[in-house]
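Trainee: I have a model open and want to learn how to read its features. Where do we start?

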Amino acid sequence: MTETEEARSVFRLGVRAKLFLISLGLILLTAGIGWAYVQRSVDTALTREVQHELFHRARLAAAHIESTPGADSASTQRLVGQLAALAAGRVTVIAKDGTVLGDSGVSDTQLSQVENHANRPEVIAALSTGRGAHTRLSGTVGMRMTYVAVPFERDGVVQGVVRVAVPLTHVDEVLTRVKGVLGGATLLALVVAILLSSIAAHWASRTARSLTVTAERMAQGDLAARTGVTGHDEFASLGRALDQLASNLSQTVDALETQHETTRGILEGMHEGVLLLGPDGRVGLVNPALREMLLLTGDATGKTPLEIIRHAELKTLLDRVAVEQESLSTEFGLGGLKPRQLLVRAAPFTRGTGGVFAVFVDVTEMRRLESLRSDFVANVSHELRTPVTTVRSAAETLSSALDHDPKAALKFLEIIERNASRLQDLVEDLLDLSRIESRQYQMQFEAVRLSTLYARVVELFQQRIAERNIKAVLELDDPEAVVRADRRALEHVLTNLVDNAVKYAGQAAELRLGALPLGDGFEIFVADNGPGIAPSHLPRLFERFYRVDAGRSRELGGTGLGLAIVKHLVEAMGSTIQVQSEVGAGTRFSFQLSGWHDDDQPLDSSLSKKSGLMTGKVGRPSSTTS
């Protein structure tokens, strides 16, 4: 428990303490009100008795002044002194304008300094109603005094007022005694009330404490807890309500857990991405599919859409759905490490709240296939048109040349045969490429001895190598080198690469096949010292139907699919095809394969190593292959 929690626990009050404090507060409030009322009542009653007596004295003083002819201030001051002795109080004679003519409470020398009394309440009341009274602290003598005033007349005209004042010392003494009596009685009553309220609070809070303990168990997740309270009072009703609440909550929690697991299973099993935005426009939910699409690593909950998907068009779409409360959709592309083309449909989530529910579909592969299909149809149509047109034209000419020009007819038959072979090669390459791209080509990895495989590949081109006077060289540091690969795929790759080298390297060129140790595997390469390829063509070299020299490729019988097949097969074996070339210095294709480490697996040793291939242990390729 932290210091803050400890401090709070010190000041935390239970029901018993609260009931006790409430009772104590009510007792203190009642006692205070009673005390104040009694004190005020006694003070008022005694003060009125004193004032009643003073009115008689004031009237006598007024009558005495009325019977005395007017005099100067000195004689008036002596007169009020005499009247004060007779009235047993302070006597003040005040002119109608408020000027103090005489005051027994001040000396003759101070009389001129006494302030005007026209604004005194008792003076104002006496002049207006014939009598006035007021109790206050005297600023002149510094004591609580009560004042009464009555007017006096001369010749039937009110000349001023006579005011008689006495200190309320006797009243204050009586009040002090009353306070003492009331204080003792209140203290006694307070002690008795505290005892009774404590007992009552303990009795009333016992059931409340039991209900509190049960409620805390329910709050901590124990929905099987029950109060067991009996009776017919409010606490019993509360206990039965808590028991019913716990039962209902238990059923609701079970239903919610079942629904939650169902929803979670659906969201995790969906291939589509799901994004839920709350009314505040922040992310409330992201399912695993969307995390994978967007390569999200951290927790996206609570963030804005722009923080997880930096795309202005998507933000505009989500904002429009939240404001317009209508379903909208769009398609947008995302760059980065994993470029994606996403189709998103967003709809209001619980209309009127501002929430948005969006479903993302990854259409990257679909759009790629659509593009491939479009390119494929265009390229195949273009590639098929030439040989088909040639065959058709040759067939039409052949029909008219059979009778009168047999030699020309043979020439046209050769044209038909050559283009038919080209069509066959094109169809076979298309079928191979289709099987590879549709993943119908199943890889069977095994141990493949490179020297044996190289011998088989070169043997296929032995006649063409001899015709072109090409020198084929094997560069193997280890003649027994074995790699882990699919035998058919690797042979197909090498066949296509060697075929290209034989076609384009030229007469008396050098063809080198080899494998260089590289880490835990080998770098497989096919190189020639032919005319090379310009750098501008290298990025597109492995595209389907792309030719560096379209006219020469068709003349040599190329389909434009060989390197595309090579690229897909190498990638299917877990590697990447690389090409290095320099115009006039040759071309080198290479890729990496891991070595085979299980000596118990059978090796490809049935083939003869004899061929027109020259073998030898040589170093890395010369710089002429760049």
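Mentor: With one definition. Contact means heavy atoms within 4.5 Å. Keep in mind that this is a predicted model.

Trainee: Which strands does helix α9 lie across?

Mentor: Helix α9, residues 312–324, lies across β6 (273–277), β8, β9 and β10 (355–362). It runs at about 165 degrees to β8.

Trainee: How do strands of a sheet pair in general?

Mentor: They pair through backbone hydrogen bonds, either parallel or antiparallel. Now the case here. Five strands form an open sheet, in the order β7-β6-β10-β9-β8. The pairing is antiparallel.

Trainee: Which are the edge strands?

Mentor: β7 (283–286) and β8 (328–334). Each of them pairs on one side only.

Trainee: How many bridges join β8 to strand β9?

Mentor: Seven, and the two strands run antiparallel. Strand β9 covers residues 340–349.

Trainee: On to helices. What describes two packed helices?

Mentor: The angle between their axes and the distance between the axes. Take helix α14 (residues 487–504) and helix α16 (residues 562–572). They pack at an angle of about 150 degrees, and their axes are 9 Å apart. The crossing of α14 past α16 is left-handed.

Trainee: Which residues of α14 and α16 meet?

Mentor: From α14 come Ala489, His492, Val493, Asn496, Leu497 and Asn500. They meet Gly562, Leu563, Ile565, Val566, Leu569 and Val570 in α16. The residues of this contact divide into eight nonpolar, four polar and no charged.

Trainee: Next, burial. What is the cut-off?

Mentor: Buried means under 20% relative accessible area. Apply that to helix α12, residues 450–460.

Trainee: Is α12 mostly covered or mostly uncovered?

Mentor: Mostly covered: eight of its eleven residues are buried. The buried residues include Leu450, Leu453, Tyr454, Val457 and Val458. Ser451, Thr452 and Ala455 are buried too.

Trainee: And the chain overall? How many helices and strands are there?

Mentor: The chain has 16 helices and 18 strands. Of its 626 residues, 37% count as buried. Its accessible surface comes to about 35600 Å², and 56% of that belongs to carbon and sulfur atoms.

Trainee: What share of contacts joins residues at least 24 apart?

Mentor: Among contacts between residues at least 6 apart in sequence, the share is 61%.

Note on methods: Residues are numbered from 1 along each chain as its sequence is written. This is a predicted model: local features need pLDDT of at least 70, side-chain atom pairs count only at pLDDT 80 or more; totals for chains, interfaces and linings use all residues. Side-chain values use heavy atoms; hydrogens and water are left out. Axes are lines fitted to C-alpha atoms, for helices over the stretch in contact, and angles run from 0 to 180 degrees between N-to-C directions. Helices (H or I, at least four residues) and strands (E, at least two) are DSSP runs, numbered from the N terminus. A crossing is left-handed if the near helix is turned anticlockwise from the far one by less than a right angle, and right-handed if clockwise. Ala, Val, Leu, Ile, Met, Phe, Trp, Tyr, Cys and Pro count as nonpolar, Asp, Glu, Lys and Arg as charged, and the others, Gly among them, as polar. Buried means under 20% relative accessible area, exposed over 50%, partly exposed in between (1.4 Å probe, protein chains only). Accessible areas come from the Shrake-Rupley method with a 1.4 Å probe; for residues, only the protein chains shown count as cover. Two strands pair if DSSP finds at least two bridges between them.
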